[in-house]
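Here is my note on the model, point by point. Please keep the structure open while you read.

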Amino acid sequence: MKWGFAGYGRIARKFEESLSHTDHEIVAIASRSGYDRVKAPTKAYDNYDDLFADKDVEIVYINTTHNSHAPLTIAALNAGKHVLCEKPISISHESALEMVEAAKRNNRFLMEAVWSRFLPAYRKVMDLISQGALGEVKQISADFGFRMNPEDPKERLIDPALAAGAIWDVGIYPISLAQDIFKDDPIEMSTSAVLSPLNVEDRCAILLGYGNQRIAQLSCAIDLNTINDATITGTKGHIVMKNFWMCESFKVIKDDGEQSYELPMTSNGLYHEAIACADYIRQGLTESPYMSWDHSLQLAKIMDQAIKQCRS
Ligand SMILES: NC(=O)c1ccc[n+]([C@@H]2O[C@H](COP(=O)([O-])OP(=O)(O)OC[C@H]3O[C@@H](n4cnc5c(N)ncnc54)[C@H](OP(=O)(O)O)[C@@H]3O)[C@@H](O)[C@H]2O)c1
């Protein structure tokens, strides 16, 4: 697979490392601030349009700030490229829908890069749940929190103009876990947030109620290092995922005992979503069964509502 990067920041460097464990190639990188760091033979562009016009690029990895995901993705799709877009796919359900329409119109692959869903341990958890290991899942708790450096003037998580805030940056992971298991739209939501001086969530708790007595208790933070675990509880037992969003080990706990699983990731884990994208494109698919357009749209809708509640 021949990749082009739109943006060359922190996560792009990690994706580059993961791609070095594959037979894929990064043929070009477009970065307004970092094009001079690109090493030959990879082509360097100082603007994104030249990247989208490059005939050697098959798939574009959008890894810029959240506010720019929709316009860049649509431009790449309209230029005939497949797209892997970093999370969150966009900053509104409406613009996410426009991105999906662009993928459909151009018959190109589009996926939101929720990389956790492709990790071997995560896939094993989903297999066990679908095989009924927990009975009926009734409750999920999941948390993702880290402490950013609020003194860093370049920190994209501070500036509302760059779509800052805990929900879009890390809250998406616990919401994604709950949606991947419960699948339905929640029927109730309540939130409680600690807001920054610029009125974006530094920390947030989200309680989602679903039909059939199912509940998700989710939390996220960019001002505090939190536990980062998830517990999935069913009528027959629990699964406890250590560091659930970068999961390599988990336990299945039942009345008659517990079983531990260790399933390491390759490289820094982004490897697994990269390999999956290439497989889908080779098969002629335009979306992933593990991170479908409907799932991205559902996540966008929930985040729209949660952010509206928190910031009002
Ligand atoms: N999958 C994961 O584990 C993971 C982890 C971290 C982040 N992410 C996601 O990846 C994306 C990028 O995150 P990152 O941490 O890599 O971001 P970053 O290093 O701060 O920046 C990424 C790119 O965004 C543009 N940018 C950054 N700060 C900017 C500013 N102040 N004004 C205008 N443009 C700016 C730059 O584009 P140019 O290169 O063109 O200058 C930069 O290369 C986000 O969507 C984030 O949620 C995913």
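1. Helices (H or I, at least four residues) and strands (E, at least two) are DSSP runs, numbered from the N terminus. Lysine 183 lies in the loop between helix 6 and strand 8 (188–195). Its phi is near 65 degrees, a positive value in a residue other than glycine.

2. Some ground rules. This is a predicted model, where local features need pLDDT of at least 70 and side-chain atom pairs count only at pLDDT 80 or more, while totals for chains, interfaces and linings use all residues. Residues are numbered from 1 along each chain as its sequence is written, and side-chain values use heavy atoms, with hydrogens and water left out.

3. Which residues come nearest to the ligand? They are Ser31, Ser33, Tyr48, His66 and Lys87, out of 21 residues around the ligand. A residue counts as near if one of its heavy atoms lies within 4 Å of the molecule.

4. Look at the polar contacts next (pairs of N or O atoms within 3.5 Å; within protein, one must be able to donate a hydrogen and the other to accept it, and residues adjacent in sequence count only if both atoms are side-chain atoms). Serine 31 places a polar side-chain atom 2.5 Å from a ligand oxygen. For histidine 66, the distance from a side-chain N or O atom to a ligand oxygen is 2.8 Å. For histidine 69, a polar side-chain atom lies 3.1 Å from an oxygen of the ligand. The protein covers 81% of the 880 Å² of accessible area that the ligand has on its own (Shrake-Rupley method, 1.4 Å probe).

5. Now the shell around the ligand. Helix 1 (10–19) and helix 6 (166–182) are the elements that give two or more residues to it. Domain 1 (2–114) and domain 2 (120–264) each supply at least three residues; the bounds come from an automatic or database domain assignment.

6. Two cis peptide bonds deserve a look. One runs from alanine 40 to proline 41, with omega near 10 degrees. Proline 41 is in the loop between strand 2 (25–30) and strand 3 (43–45). The other runs from lysine 87 to proline 88, with omega near -10 degrees. Proline 88 sits in the loop between strand 5 (82–86) and helix 4 (93–106). Most peptide bonds are trans, and most residues other than glycine have a negative phi.
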